[in-house]
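Hi,

Here is the structure I promised to pass on. Could you load it up and keep it open while you read the rest?

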Amino acid sequence: MISNRGNILALVSGLLIGLPPCTGQAPNDAAPSESPRESEISRLASFKPIPFQDYKKNDLILDWYAVPVTEGKGMFNPVFLPFWYVARAGEARPMQDQIFPALLAYKFDFVPDNYNSRHPLFIFPREKVLGAPWRWPTAWEISAYVRRWMATVAIGGRLVQDGDQYGGAMSVYDDGGQEILHKEYEIRYGYFALMGQMVRDWMAYRGQPCSEGLAQELDHLMCSSPKAVDMLADILKVPDRGPAHWAIYERILEMAPEFGEVRFWYANQRGWVDGKNAWSNENKGLALMDHIVIGSLWEFEMASCMDPNAGAAYQRAVQRMREIAPDNVRLLYSDLRNFKPSETMLPEFDGYLPAAARYPCFYPFLNQLAYEYRKRHIIEKSLPLHLSATRSGFLPGAGGFEFDWMGMAYGFAQIGNLSHARWCANAGLNDHGGGDARQLLLEILAICLREHGYFWEARSTWRELWKSFGDTAAAAQFILTSYEGGRPDPFFEKGFEKALRETCWWPLIEARRAIAGGDFTRALAIPPADLDLANQRRAKDLWEKTNLFDLRLETCLVRADAALLAGNSSLAQAEAGKACRVSPWSLRAVRLLLQAERENPAAQTEFLEVSDFMHRDRDPVEEYARASEAAHRRPAETSARELIESAAQLRGDKWIRFWHSRRPWSVEFQALSLARWKNLDLAMNLYTSYADAVQELSDSQDVYTRVFLRKLLRLAREDERKRWLLKLDARPSGPSWYFREQGRSLFLQRRYPEALDLFHKARRSAKSDDPSIFYWLGYACHQLGEDTRAIEYLERSIEIDPQSAWSHHYLGASLCRTGHHLQALEAFLQCAEKDGHRMVNCLHEDVAHVWKELAARNPSEEDIRRAAGLVENILQSGVPNADYWRVLGECSQRLGENEKAEQCFSKAEEMKRLALPFSRPGPPGPDDHRWRR
């Protein structure tokens, strides 16, 4: 789609006077030497790029968002100054000027609106000048310090020690270095109780209530060993993040294992440096064993934790926080990451939106909430939240806000706002754009350039993607874009021909090459991209996706291009229509369809009206006033009702094909016309039925139809809008992989019934049969003891993907429990064959158990011979084990083959003496042997 009406009219006008199909050359491409035939194709390919609109950040705030965009204000981000430290009585403790404020920062984390993004243990080693004990920093130095760390206040003061009692003062400074709060404390507090009192005074200053339970938690001892606390001084004396650093943490934790703050910081820092994510996550959970550490609470990931003690400690801490500080934004963030994503939709999930407005500075919460909505294809909520995250004022841990720019670029591209998408992609690349974010940002940028006709710039971006990430898909896109721009690169093609020949991109490259040579018949030989679900399943290996780019889209475009050049407008119309259904955002698809429909002004009018409605962000009243005469004609309500009634009589693929047979944008145009004539219910019923069918096509189609419904409601009265918004939010939303991964997360927490429900949702929302979904369905049923259903799902998984070793494994486990022992051994044999030594090493207990169950039932000689043959085959599949030889020996003994039996038993003893270790690899999951009775 196009982002403004002027561009649309220019595009259509150009098409009506004979602009060619989508093989254009941008004006800034130097024309190569051409043969006569190539010259003709080049003449047909003269296409002027559509200019992008330029924006500023505030221009991204659009009036159809469902969530307000916030500015990062109202919360506070403290940065800590070293405290003056004096020991009046008792032995002076080392470096308390820095240790006390470092630990005080953990207490301040309990303040609900604190969005602290840098801990003193990180800052102090990098701010040596502030640690000078001989003078207090000036107001200018404090102001510079606050601004340097993107904080709002600086907290400093005095610590006075009198034996085991403490007092002193707390001073809080604003970002100009001016003192805004000063509190004096007599020497009558314990070390940690003094910290708790300072936090309560700050909360009182800000008018925030402090519950009795929170007050108790603030006074709680972090550590019962003063010596362990004093050892923190050694951390500040050695090089940061090195072996000596880690050794000090380990000595402290050996002395005081309950010191959760130290365990958390050790896990945080070492996990970051060494990449030990699982180890780091488990230690963050264990840091919550004795008391609450807010940092651990909001960084812990339940789905990645395999230590039951860490998981239990985390759940206790969450429950405690819900009792004493239910509105703490870090608790809400933790709850969102670890519990609520399993909820399908909405209104409970929408309960987090008020917190997003209340805590507009806490970037992690805004980012996570936006991500959860984006996974569900609800971009009218994800876009404003991502934009709010970039305006939060939060200091990111590394890089910038590139993941939010990526989310916005992706969302805008899905609905055809390509100028917005390009702007966001460039903003993300300039912000930092490292790693995976950079790869997707470059891809979105290349797609936007290509769709707008800037082929030279697009192919340069594809080349950068290939060079930076070694992405063969980017190499294929480079070649295809070169042909579309009229400037193929034979040298580049030759270098990648071998690699690309083995991929599904090669037929497309061959077809583009044929078009460039004028051989349109050869180009049309590429198999068409059927949109039926059944045909998608048969062609699953071809129609795979690469982010926004769908191979079905490119196949349809190539065929439509070739058909137009060959003069077959009906075929071009059909293929371009398919492309528009798969990717409504594609300008190239629009251009081809409008050219194929050049003799059909009604179709062009429909497209113009729908595109103008979708991409001009103005007041609905003005939009209604500017509508064309065609849109003002009263729509045929009878036709809409007949469509709805006809669709209601169909099911499955027939229902989907029925809606696919409509001309692109005709249903949108009819719904829009009905809504403008105040027949909203009929319009919404018509379009929701259509949307439910076409969302199976692609993620882009799903997002597009949802946004169209949202915008349609802008034409309704307030009461109608509210009623329909509740209905829309109740519709299931989210791709199959989202449900599958959330189900897997619940499965790992042993919440099998809930996981099974999500796996069923994944199956219903899948655009084709996914073997991994059937595997998890079977595995979940197996864990619940529903082995008959488990066998059905696992057999279906194997039918789709015969190489799935673990599907064979759990099929064997379920067959054993249902009494089909020989079939179970056959499944274990298949499992061993699919994964060789790795699986043979961990199957021996399973095989021994199945044989024990079979032997107890007095099997026939035929069954024993078959069992012996299966075990022998397993022995030949990989590393043998004592259990395999023992089972084969027992089979031989029952068959009267005593000599063979003795040899097998001898082998078993020999293997037992060797005591070869084994492991049970595979997908992380609890209780791999629960299937045994």
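Predicted model: local features only at pLDDT ≥ 70, side-chain atom pairs only at ≥ 80, totals over all residues.

**The chain as a whole**

The protein chain runs to 933 residues, of which 60% count as buried. On the secondary structure side, there are 49 helices and seven strands. If you look at contacts with a separation of 6 or more, 68% of them come from residues 24 or more positions apart.

**A helix pair**

Have a look at α26 (residues 506-516) and α29 (residues 551-565): their axes are 10 Å apart and the packing angle is about 20 degrees. The angle is under the 35 degrees cut-off, so α26 is roughly parallel to α29. The crossing of α26 past α29 is left-handed. On the α26 side, the contact is made by Leu-508, Ala-511, Arg-512 and Ile-515. From α29 come Leu-551, Glu-554, Thr-555, Leu-557, Val-558, Asp-561, Ala-562 and Leu-565. Sorted by class, that contact has eight nonpolar residues, three charged ones and one polar one.

Start with Ala-425, which sits in helix α21 (residues 418-431). Its relative accessibility is 0%, so Ala-425 counts as buried. Setting aside neighbours within four places in sequence, Ala-425 is in contact with Ala-409, Leu-441, Ile-444 and Leu-445.

Next is His-452, in the loop between α22 (435-451) and α23 (455-469).

Last, Asn-116 is in the loop between α3 (96-108) and α4 (120-123). With 9% relative accessibility, Asn-116 counts as buried, because the limit for that is under 20%. The Asn-116 side chain reaches the backbone nitrogen of Arg-118 at 3.1 Å. Which residues does Asn-116 touch, not counting those up to four places away in sequence? They are Asn-77, Pro-78, Asp-109 and Arg-330.

That's the lot from me.

Cheers

Terms used
Residues numbered from 1 in each chain as written. Heavy atoms only, no water. Axes fitted to C-alpha atoms, helices over the stretch in contact; angles between N-to-C directions. Helix = DSSP H or I, 4+ residues; strand = E, 2+ residues; numbered from the N terminus. Parallel < 35°, antiparallel > 145°, perpendicular 65-115°, else oblique. Left-handed = near helix turned anticlockwise from the far one by under 90°. Contact = heavy atoms within 4.5 Å. Nonpolar A, V, L, I, M, F, W, Y, C, P; charged D, E, K, R; others polar. Buried < 20%, exposed > 50% of the residue type's maximum accessible area, 1.4 Å probe, protein only. Polar contact = N/O pair within 3.5 Å; in protein donor to acceptor, adjacent residues only side chain to side chain.
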